[in-house]
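Please take your time and follow each stop on the model.

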Amino acid sequence: MSAAEPMGVNKPICMLTVLRQFLFCFGLLVTGSLSVAQQIQESQEHFPREPANIFGIGDDLFDYLSRTDIPFDFHLERPDHVDVWVDESEFQQLVLEGWEIQWVPDLELPYWEPPKGLAEDFITPATQYPTFEQLTAFLQRMAIDYPDLCRIESIGQSVQGRELWFLKITDNPDLEEDEPEFKYLSTMHGNEIVGVPLMLNLIGLLLEDYGSDDRITDIVDGTEIWIMPLMNPDGYSRNPRSRTNANGFDLNREFPDRVDDPVNSPEGRPEEVQAVMNFGFNHSSILSANFHGGALLVNYPYDSDFSVGEGVPSIPPQPGWFSPDDGLFQYISRLYSMNNPPMFNSPFFEDGITNGISWFSVYGGMQDWNYEWLGCNEVLIELSNPFQPSSSTLPQFWEENRESMLSYMEQVHIGVRGLVTDSRTSQPLPATVVVEGRDHEVFTDPDVGDYHRMLLPGIHTLTYSAEGYRPKTVQNVVVEEGDATRVDVELDREFSGIVLK
Ligand SMILES: [Zn+2]
C-alpha cells in the first residue's frame, strides 16, 4: 500500500464548470424552451457518488475495495489507477486509511450538449448519440411503423422515473412460438455509451431489411429478439454522464451472486436491477449480451469465484473460474471478436476475449446471474476503449460491430432443441434439461414447452425432468454445425411412485 499524501478532501469546483453552467442557463433564457430547461435541470442533478482515482494499485487495494460497497473499475489501458465512485465520507475514509486518492477533475469529465433537432428527428444509422427523449421517440416510432414485427414494452422505471424500454422484434410478436428468445442490453453503466446508438442501428436494420434481406428475415422469423438500448437512463442523461444509477449504485455489482449474495430475489436491489430481474423471470432467454465501454473485448463467465477476492487475480487461472460451458462461451465470444478486427487484434487479450476472473473479478454482475439462475448464456462486451468516443466515429463502430452482432444472434440456434410435453395430455411442461457431464440446468419455456440447449458439435446425452414426472434420458444425440438437432420428449406423470401411462 502506498501511503501518499492525500490530494485534498473537498472536490474543487472548476471555473470552467461554473462558466459552462452559466452559458447553459443563458442559452435557456434565449430559447425559452421549457422541455430543454427541464432536461438540463434534471441532467445536472446531484448523484451521491462522484468519480475518483486511486493510485498505487496492488492486491491490498483490491482486497480493501472488496470489503467495501465502493463501485470500482480497472482497465489495462490505464494501469496506473483504479476508477472508483465515492461520496464525500467514503473519500475521506480512503484518505484516512492512507490511499492515494484524487477526485477526477471536472475538466476530464466530458460534458455533452443536447443534440439539435426534435426528438422525432433521430434516424439510423446514427451519427449522434440520442438523448433519452430521442431514444424513446425512436422506439415508439418503430413500434408504430412495424406493427407486424415489433412491440415496445417498459419493464419499469429508473430511480428518476424514466421508462426502462425493451423493444421486442419477431414475426408474430403477440404469439408464443417454439423459437428461442435472445436479448441484447446496453449501457447499464451510464457513461459507457457506444452501445446505445448501435442498438438503435441494429433495430433499424432488423426492421427495415426484413423481407428484402434473406438473412435478416430468417433471424427475425426464427428468433424472439428483445433489445434494451439503455439500462441506466439516469446515468446516461446526467451531465456529466455517470457510471452509477441516480442513487450511486453500480448496477453491475447489484445482482445476486453465487459467491457472496446467493438469494435470487429482486428485493432490496436498485430499481433498474429489479426490473431486469423480473423481466428475466418472466422470459426464457437462451442467449444474451450486455454492452459496455472503456475497453475492447468479450468477457465470458465467470466474473466471480470462491478462490479469489475482488480485483485482478495474482494467481494463475483456477478450474473454478470456468463455467461448465467454457468451450461454448469461448466459441461464441471469439465469433463476436473475429468479425471486429480492432477487438480481435487486442494487445491485451488473445483474440480479444477473456474469462471474466482472468481480467478482474467482480461480484454481483449481470452476466453470471443470467448463466447461473436463468440458464441463459450471457457475455459482457466492451465496445470501445474511450468511454465516450466522438459521435463522428459512430459509423465506424457500427461498421465494426454489425456483422458481429448478427453472427452472435444466430448462435442461439445451435445445439439441441425440442418440446417437452406430458405423454398423456400433450400439454407443455416446465422442465429442466441437463447435459451429461455438465453441472448446469437449462429450462423449457412453460408456455410452449420449448427448450433450446446451445451446444457445440459432438455426441451428447441429455436428461429431461419435471416435477411430478419420471425423468427421461436420451443418449447419443448428435449435434452438428448449423441448426440445432430436434429432440422432442414426452414425460410420464408419476403419482405416489406409480407411473401413469
Ligand atoms: Zn461497464
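Buried residues make up 46% of the 501 residues in the protein chain. Here a residue is buried if 20 or more other C-beta atoms lie within 10 Å of its own, exposed if 12 or fewer, and partly exposed in between, with the C-beta atoms placed from the backbone. This is a predicted model, in which local features need pLDDT of at least 70 and side-chain atom pairs count only at pLDDT 80 or more, while totals for chains, interfaces and linings use all residues. Residues are numbered from 1 along each chain as its sequence is written.

**The chain as a whole**

- The protein chain has 14 helices and 22 strands. Both are DSSP runs numbered from the N terminus: helices are H or I with at least four residues, and strands are E with at least two.
- Among contacts between residues at least 6 apart in sequence, 74% join residues at least 24 apart. Two residues are in contact if their C-beta atoms, placed from the backbone, lie within 7 Å.

**The eight-stranded sheet**

- Follow the strands in the order β5-β6-β8-β7-β9-β12-β10-β11 and you trace an open sheet of eight strands with mixed pairing. Two strands pair if DSSP finds at least two bridges between them.
- The edge strands, each pairing on one side only, are β5 (150-157) and β11 (353-355).
- From one strand to the next, the twist averages 20°. Axes are lines fitted to C-alpha atoms, for helices over the stretch in contact, and angles run from 0 to 180 degrees between N-to-C directions.
- Strands of a sheet pair through backbone hydrogen bonds, either parallel or antiparallel.
- For an antiparallel example, look at β10 (residues 295-300) and β12 (residues 377-384), which pair over five bridges. Ala295 has Ser384 in β12 as its bridge partner.

**Helices across the sheet**

- Helix α5 (residues 132-145) lies across β5 and β6 (163-169), and runs at about 140° to β5.
- Helix α10 (residues 326-338) lies across β10, β11 and β12, and runs at about 30° to β12.

**Helix α6 and its two partners**

- The axes of α5 and α6 (residues 195-208) come within 11 Å and cross at roughly 15°. That angle makes α5 roughly parallel to α6. Angles under 35 degrees count as roughly parallel, over 145 as roughly antiparallel, 65 to 115 as roughly perpendicular and the rest as oblique.
- The crossing of α5 and α6 is left-handed. A crossing is left-handed if the near helix is turned anticlockwise from the far one by less than a right angle, and right-handed if clockwise.
- Which residues meet here? In α5 they are Leu135, Phe138 and Met142, and in α6 they are Val196, Leu200, Ile203 and Leu207. The contact of α5 with α6 has seven nonpolar residues, no polar and no charged. Ala, Val, Leu, Ile, Met, Phe, Trp, Tyr, Cys and Pro count as nonpolar, Asp, Glu, Lys and Arg as charged, and the others, Gly among them, as polar.
- The axes of α6 and α14 (residues 394-410) come within 10 Å and cross at roughly 55°. That makes α6 oblique to α14.
- The contact uses Pro197, Leu198, Asn201 and Leu202 of α6, along with Leu394, Phe397, Trp398, Asn401 and Met405 of α14. By class, the contact of α6 with α14 has seven nonpolar, two polar and no charged residues.
- The crossing of α6 and α14 is right-handed.

**A mostly covered helix**

- In α13 (residues 366-374), eight of the nine residues are buried. Among them are Met366, Trp369 and Leu374.
- The cover over the buried residues of α13 includes α9 (271-282), β9 (285-292) and β12.
- Gly375 follows α13 and has a positive phi, near 70°.

**Backbone details to look for**

- A cis peptide bond, with omega about -5°, joins Thr124 and Pro125. Pro125 is in the loop between β4 (100-103) and α5.
- Another cis peptide bond, with omega about 0°, joins Pro301 and Tyr302. Tyr302 is in the loop between β10 and α10.
- Asn172 is not a glycine, yet its phi is positive, near 50°. Asn172 lies in the loop between β6 and β7 (181-186) and counts as exposed, with 12 C-beta neighbours inside 10 Å.
- Asn476 is not a glycine either, and its phi is positive at about 55°. Asn476 is in strand β18 (residues 472-479) and is exposed, with 7 other C-beta atoms within 10 Å.
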